[in-house]
Amino acid sequence: MSDQLLTIEATRLDAGHVRLRLTGDLDYDTAPELTAAAAALRDDDEVWVDLTGVSICDSSGLSALLVVQRSAGAIRLTGVSAQLQRMLDRTGLAELLAVQHDDELRATG
């Protein structure tokens, strides 16, 4: 069982944009919480998933991120750790799940 619970703060930024801020572990025990949050998304939403507060993400967490991607119009990941970036690269999911790096965020304002 996960030592750290997952909290998900969902904020509708405007009519077509939603930010999901995750804190804790995104793993086998907590991935269903993110999957449930995805059910509330509209298929035309652009979803920003802030992973800054995520300490662990396993394959179940990656699967839950794919559910979010399928539930929304577009997905962008922010706050991706080096460990998670390696997982995304190795699995080929980096091409499917857009990752916004900190330097790109500063450049866009």
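Among contacts between residues at least 6 apart in sequence, 66% join residues at least 24 apart. The model is predicted. The chain has 109 residues, and buried residues make up 36% of them. Four helices and five strands are present, and from the N terminus on the elements run β-β-α-β-α-β-α-β-α.

**Helix α2**

- Helix α2 covers residues 59–71.
- The 13 residues of α2 should span 18 Å at 1.5 Å a residue, and the end C-alpha atoms of the helix are 19 Å apart, which agrees.
- At the N-terminal end, α2 is capped by Asp 58, which has a side-chain oxygen 3.0 Å from the backbone nitrogen of Ser 60.
- The buried residues in α2 are Gly 61, Leu 62, Ala 64, Leu 65, Leu 66 and Val 68.
- Cover for these buried residues includes the strands β2 (17–26), β3 (46–57) and β4 (74–78), along with helices α1 and α3 (82–91).
- An α-helix has 3.6 residues a turn, so residues three or four places apart point the same way.

**Packing of α1 against α2**

- Helix α1 (residues 31–38) packs with α2 at an angle of about 0°, and the two axes are 9 Å apart.
- Angles under 35 degrees count as roughly parallel, and α1 and α2 are therefore roughly parallel to each other.
- From α1, the residues in this contact are Ala 31, Leu 34, Thr 35 and Ala 38.
- From α2, they are Ser 60, Gly 61, Ala 64, Leu 65, Val 67, Val 68 and Ser 71.
- The residues of the contact divide into seven nonpolar and four polar, with no charged residues.

**Met 87, in helix α3**

- Met 87 is found in helix α3.
- Leaving aside neighbours within four places in sequence, Met 87 is in contact with Cys 57, Asp 58, Ser 59 and Leu 62.
- Asp 58 in that list is the residue that caps the N-terminal end of α2.
- Met 87 and Cys 57 are 30 residues apart along the chain, and their C-alpha atoms are separated by 9.1 Å.

- Leu 93 lies in the loop between α3 and β5 (98–100).
- Buried means under 20% relative accessible area, so at 14% relative accessibility Leu 93 counts as buried.
- With neighbours within four places in sequence left aside, Leu 93 is in contact with Leu 62, Leu 66 and Leu 88.
- Leu 62 and Leu 66 are among the buried residues of α2.
- Between Leu 93 and Leu 62 there are 8.6 Å, C-alpha to C-alpha, for two residues 31 apart in sequence.

Technical notes: Residues are numbered from 1 along each chain as its sequence is written. This is a predicted model: local features need pLDDT of at least 70, side-chain atom pairs count only at pLDDT 80 or more; totals for chains, interfaces and linings use all residues. Side-chain values use heavy atoms; hydrogens and water are left out. Axes are lines fitted to C-alpha atoms, for helices over the stretch in contact, and angles run from 0 to 180 degrees between N-to-C directions. Helices (H or I, at least four residues) and strands (E, at least two) are DSSP runs, numbered from the N terminus. Angles under 35 degrees count as roughly parallel, over 145 as roughly antiparallel, 65 to 115 as roughly perpendicular and the rest as oblique. Contact means heavy atoms within 4.5 Å. Ala, Val, Leu, Ile, Met, Phe, Trp, Tyr, Cys and Pro count as nonpolar, Asp, Glu, Lys and Arg as charged, and the others, Gly among them, as polar. The expected span of a helix is 1.5 Å times one less than its number of residues. Buried means under 20% relative accessible area, exposed over 50%, partly exposed in between (1.4 Å probe, protein chains only). A polar contact is a pair of N or O atoms within 3.5 Å; within protein, one must be able to donate a hydrogen and the other to accept it, and residues adjacent in sequence count only if both atoms are side-chain atoms.
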